[in-house]
Amino acid sequence: MSEKKVKKEKVKKKRSSKNLKISTRIFLTAILGILIPIFLIGAFSPLFIYFTGSYFNISSVTTNSYSTVNQIQWAQTISSISNSLLSNENDKEKIDGLSEFISPIEKLGSSIYIEKNGKPFYSSSKNDILKEAGEIVKVDKSENLNYFGNNGLVIVNHANSKSDKYLIVAVNKDYTVKNASTHFAAKEFTNLLLGRTGIIALIIVAVFVLAIVIISFITSKTIVNPIKKIAEGADEIARGNLDYEINYKSKNELGQTVESFNQMRLRLKNSIDKQNKADEQRKELIAGIAHDVRTPLTSAKGYAQGLRDGIAATPEKQKKYLDRICTSIDDTEKILNDLLNISRYELKSYKLNRVNVNLKEFIDDGANEIKALLERSHFDFSLQCNVNKDTQISVDTDAFARVFRNIVMNSIKYARDDRQGMVRLVVSEYERTIIIELTDNGIGVEKENITKIFDTMYRTDPARTKVSQGSGLGLAVCKQIVELHGGLIWASSKQGEGLSIFISMPKLQERTDNIE
């Protein structure tokens with residue numbers, strides 16, 4: 001396996017652990033907090049019992065005085081005797097093996113009597129042990145008994161295998177039980193707590209507590225770390241750093257929060273960028289309007305002052321001055337009208353007067369108007385209309401006539417001086433749309449500026465000296481009108497080879513009624 005593949009798998013595993021939901025993490029923490037200590041205690045209990053049993057002497061009886069530990073010692077001793085009797089050894093080996101468990105209790109004055117299948121098998125004393133047991137407490141050989149009293153101790157136990165049945169009786173006449181007073185109970189509890197049993201209990205509790213603390217620490221770390229990252233991201237954004245990205249990939253609640261936070265940051269950044277761009281465009285627009293309005297007004301003012309000062313002394317010269325003043329006023333009025341129209345389009349306050357028209361007839365009418373407009377500027381014109389005769393579109397004919405007129409005037413304005421001007425109109429039909437293409441052979445537009453030609457007040461003339469030839473709003477008005485119709489407009493060009501304007505418009509779909 002390649003190193004890259006191994007790294008990818010490691011990253012995948014790491015990410016998958018992050019995808020756990022917080023509720024799932026908490027649930028797993030609670031479960032693991034219980035299961036892991038149980039597993040640890042279960043796994044190490046045999047070893048634990050072996051060492052603690054030998055160290056604390058739990059496996060053998062050490063006193064003739066009753067206590068909780070003493071009761072456990074007797075239970076362990078009787079259990080060891082039973083296990084030895086039920087082993088696969090022969091009777092002699094079993095009797096020899098019993099001395100290991102019986103010798104310690106005989107030293108304390110205890111006696112052991114064992115029957116096998118109702119017959120005596122072993123006795124640690126020559127006395128009648130069953131009789132001695134009956135003198136201490138009533139004994140029923142068929143039932144188990146654990147008696148711890150001031151008059152003695154009697155334990156009756158049974159060990160059965162498939163073939164043999166054993167009766168085990170333990171007796172100690174010198175056994176005592178202390179008074180169960182409150183003072184003694186508290187002292188016994190203290191001794192228990194500070195003694196062997198208490199130590200064992202404390203070890204078990206310590207294992208549980210340690211496991212829970214470790215698991216809680218790991219779980220809290222996986223939750224707190226991403227929260228810290230979110231807080232750091234919020235602080236960065238509050239300081240205006242919108243390029244700061246919170247690096248935390250996960251599909252859980254925190255991962256989704258981080259993703260939403262990053263998306264919010266990007267939207268905020270884009271919104272601010274758009275606002276800054278809009279501010280720049282507005283400043284350029286105001287500067288452009290001021291320049292374009294000032295040019296004809298300055299011209300009109302100059303000719304008016306010439307008339308006032310008597311510079312135009314002859315009627316012919318006066319008429320010329322007046323014509324120039326009227327032309328300048330017309331140019332100013334045209335700029336203001338274009339600005340008014342485009343503001344109405346942008347504010348959506350312009351209401352389209354749409355009608356369903358036959359596409360071919362609509363294009364033919366538009367072509368005639370374009371041809372008449374171009375003939376005055378000595379331009380050639382050609383039409384290629386590839387549409388069905390029944391195709392219809394929904395359009396405001398007056399508004400769209402303005403689109404055709406603005407595009408053609410733009411072609412005339414930017415014609416080349418070294419070649420005959422030409423405009424070609426091509427209309428193509430597709431399944432759901434029609435494409436209108438108007439192409440000229442003018443100076444064209446540089447590739448980096450092709451997307452700007454539909455911006456308000458954009459003109460390829462940087463010096464803006466040809467105000468009489470256009471306000472720079474023509475194609476911006478076209479864009480607004482086309483988009484109000486639900487269409488799209490775009491351009492392509494090679495500098496020096498002309499400009500092509502494309503308009504995509506939806507067709508009216510034929511409706512067929514189902515007749516049952």
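Two strands are said to pair if DSSP finds at least two bridges between them. In this predicted model, strands β9 and β10 meet that condition, because seven bridges join the two.

Strand β9 spans residues 422-429, and strand β10 covers residues 433-440. The pairing of β9 with β10 is antiparallel, and a hairpin of three residues connects β9 to β10. Within this pairing, V427 has I436 of β10 as its bridge partner.

Strand β9 also pairs with strand β7, which comprises residues 380-386. Here the two strands run parallel, and seven bridges join them. One of the positions in this pairing is N386, which stands opposite S428 in β9. Strand β9 is mostly covered, with six of its eight residues buried. In a regular strand, side chains alternate between the two faces of the sheet.

**Aromatic pairs**

A pair of aromatic rings is described by the distance of the centres and the angle of the planes. Eight aromatic pairs are found in a search of the whole structure. In one of them, the ring centres of F148 and Y175 lie 5.8 Å apart with the planes at 55 degrees, so the pair is tilted. This pair links distant parts of the chain: F148 belongs to strand β3 (residues 145-149), Y175 lies in the loop between β5 (165-172) and α6 (182-194), and the two are 27 residues apart. F148 counts as buried because its relative accessibility is 18%, and Y175 is likewise buried, at 0%.

The rings of F362 and F400 form a further pair, with centres 6.1 Å apart and planes at 70 degrees; the arrangement is therefore edge-to-face.

**Salt bridges**

The whole structure contains 14 salt bridges.

| Side chains | Distance, N to O |
|---|---|
| D91 and K116 | 3.0 Å |
| E132 and K173 | 3.9 Å |
| R308 and D309 | 3.3 Å |

The salt bridge between D91 and K116 connects distant parts of the chain: D91 is in helix α4 (residues 91-106), K116 is in strand β1, and the two are 25 residues apart. D91 is partly exposed, with 34% relative accessibility, whereas K116 is buried, with a relative accessible area of 17%.

The side chains of E132 and K173 also meet in a salt bridge. Distant parts of the chain are again linked, as E132 lies in helix α5 (residues 129-136) and K173 in the loop between β5 and α6, 41 residues apart. E132 is buried, with a relative accessible area of 12%, while K173 is partly exposed, at 43%. Salt bridges that share partners join E132, K173 and E135 into one network.

In the salt bridge between R308 and D309, both residues are exposed.

**Positive phi angles**

Most residues other than glycine have a negative phi. N117 is not a glycine, yet its phi is positive, at about 55 degrees. N117 is placed in the loop between β1 (111-116) and β2 (119-123), and its relative accessible area of 42% makes it partly exposed.

H378, also not a glycine, has a positive phi of about 60 degrees. H378 sits in the loop between α10 and β7. Exposed means over 50% relative accessible area, so H378 counts as exposed at 63%.

**A nonpolar surface patch**

L210, I214, F217 and I218 make a nonpolar surface patch of about 420 Å². L210 lies in helix α7, which runs over residues 196-238. With a relative accessibility of 52%, L210 counts as exposed.

Note on methods. Residues are numbered from 1 along each chain as its sequence is written. This is a predicted model: local features need pLDDT of at least 70, side-chain atom pairs count only at pLDDT 80 or more; totals for chains, interfaces and linings use all residues. Side-chain values use heavy atoms; hydrogens and water are left out. Patches are made of residues with over 30% relative accessible area and no salt bridge: like charges are joined within 9 Å, nonpolar side chains (Val, Leu, Ile, Met, Phe, Trp, Tyr) within 5 Å. Accessible areas come from the Shrake-Rupley method with a 1.4 Å probe; for residues, only the protein chains shown count as cover. A salt bridge is a side-chain nitrogen of Lys or Arg within 4 Å of a carboxyl oxygen of Asp or Glu. Helices (H or I, at least four residues) and strands (E, at least two) are DSSP runs, numbered from the N terminus. Buried means under 20% relative accessible area, exposed over 50%, partly exposed in between (1.4 Å probe, protein chains only). Rings of Phe, Tyr and Trp (its six-membered ring) pair if their centres lie within 6.5 Å; planes under 30 degrees apart count as stacked, over 60 as edge-to-face and the rest as tilted.
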